[in-house]
Amino acid sequence: MTESVPVGRDGIEAGRTPQAQTLQDAQFLTELRQQMLKFARLQLRDDDQAEDAVQEALAGALKNEDSFKRQAALRTWVFSILKYKIADILRYRQRVIATSELGDDEHREQAFMDGLFDSGGHWHKAERPSSWTGPQGGVHSDHFWRVFDACLNGLPEKQARVFMMREFIELESEEICEQLTLSTSNLHVTLYRARLRLRACLENGWFDPSTAEEATP
Amino acid sequence: MIDCKQATRLLSEQQERNLSRREKLALKFHVFMCKACRNFGQQMGTLRDLARSYAKGEEKVQDRQQPSDSNPQDK
C-alpha cells in the first residue's frame, strides 16, 4: 500500500505552481511531517505503519496541491487526508484483531474509579477537578503539547484508540461502535474513562502548578 | 439526586448523545451544587477542543469555555 513518492524533509522538487510554495517550503514541510508522524504513531502505535500513512497522505496532498493556497488550509487539509489513511488502517487492523484483545481490564478500571470516587459516589477530596481557567494561555506552548502527548500515551490502549477515533478522526459514535464491534454503552463508558484519565493527567501535569514538575515527561 | 460519579458520566456522555429531560434536570441540579463537577463539565469542552487542535496540528487552542450544563451535542 506504500507508493514511493518524492516526499521527505528535503525531497520536494522545485517550481511547480505558485500555490505549491508551501509544500516546497522545507521548514514548513519538516514541521508538518513531524506533526503528522506524531499523530499517526500515537494512533497506530506502529512506527512503520505510521511512516507509510504519513507518506501516502503527503503524496496525496502533492498530487492535488494546486487547490491549496494558504498554509493554514494546507495543513488542515493534509491532516484530513492522514486521518482517512489512519481510519483505513485501523479498520483493517480491527478485522484481524480478535475482539477479546480489546477487552478492558475491569479490575484495573474498578480500582481507578475507586481512586477517584468514594463509596457514596462523590469525588475524593484530592481528586476534585479544579478550575482550568487560569493557565489556559499556556496551552499555546510546546511544553503543553508534550504534556498532552504523555497523557495520551498513558491511556490504556483501547481507551486511547476509541478516544482518538472520536476526537481526532471525529467519527460518529455509530461508526466507532460498528468498527470496533462495541455496544453504545460500552463506547460511552470507554470514552468516559478515557476522559477521566486525560483530565486528571492534564490537571496534574499542567494546570495545577504544584504537581507540574512530576508529570512532565 | 445523582452523585458525582453519575454526573460526570452524563457530562461525558452528552458529547455523544442528547440527554433526556430527566437527565438534564438532574445534571443541572447537581452541577449547580457541586463545583468539582462544574469544573469537570467545562473541562470536557476544553478537552475536546484540545484534542481537535492537536489532531489538526495547531499550536494553539481557542479559549472556549462552555457552560457545563447547557452543551448538548457539540458538533
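**Exercise 1. A pair inside chain A**

Find what joins the side chains of A:Arg193 and A:Glu106 in this predicted model, and say which parts of the chain the pair ties together.

*Solution.* Start with the two side chains: A:Arg193 and A:Glu106 meet in a salt bridge, with 3.2 Å from N to O. That passes the test, because a salt bridge needs a side-chain nitrogen of Lys or Arg within 4 Å of a carboxyl oxygen of Asp or Glu. Next, place each residue. A:Arg193 belongs to helix H9 (residues 184-207) of chain A and A:Glu106 to helix H5 (residues 106-116) of chain A, so the pair links parts that are 87 residues apart in sequence. Finally, widen the view: over all chains, the whole structure has 20 salt bridges.

**Exercise 2. Where two chains meet**

Describe the interface of chain B and chain A: how many residues does each chain give to the contact?

*Solution.* Count first. Chain A gives 45 residues and chain B gives 34 residues. Then turn to area. The size of an interface is often given as the accessible area lost when the parts come together. Here about 3,700 Å² is buried between chain B and chain A, and carbon and sulfur atoms give 60% of that area.

Now look for charged pairs. Side chains of opposite charge can pair when their charged atoms come close. The interface of chain B and chain A holds 5 salt bridges. One of the salt bridges joins B:Glu16 to A:Arg195, whose closest N and O atoms are 2.8 Å apart.

Last, ask which elements of chain B take part. Two or more residues each come from helix H1 (4-13) and helix H3 (35-56) of chain B. H3(B) supplies the largest share of the side that touches chain A, with 16 residues. By class, this side of chain B has 14 charged, 11 nonpolar and 9 polar residues.

Technical notes. Residues numbered from 1 in each chain as written. Chains lettered and ligands numbered in written order. Predicted model: local features only at pLDDT ≥ 70, side-chain atom pairs only at ≥ 80, totals over all residues. Heavy atoms only, no water. Contact = heavy atoms within 4.5 Å. Buried area = accessible area lost by both parts, 1.4 Å probe. Helix = DSSP H or I, 4+ residues; strand = E, 2+ residues; numbered from the N terminus. Nonpolar A, V, L, I, M, F, W, Y, C, P; charged D, E, K, R; others polar.
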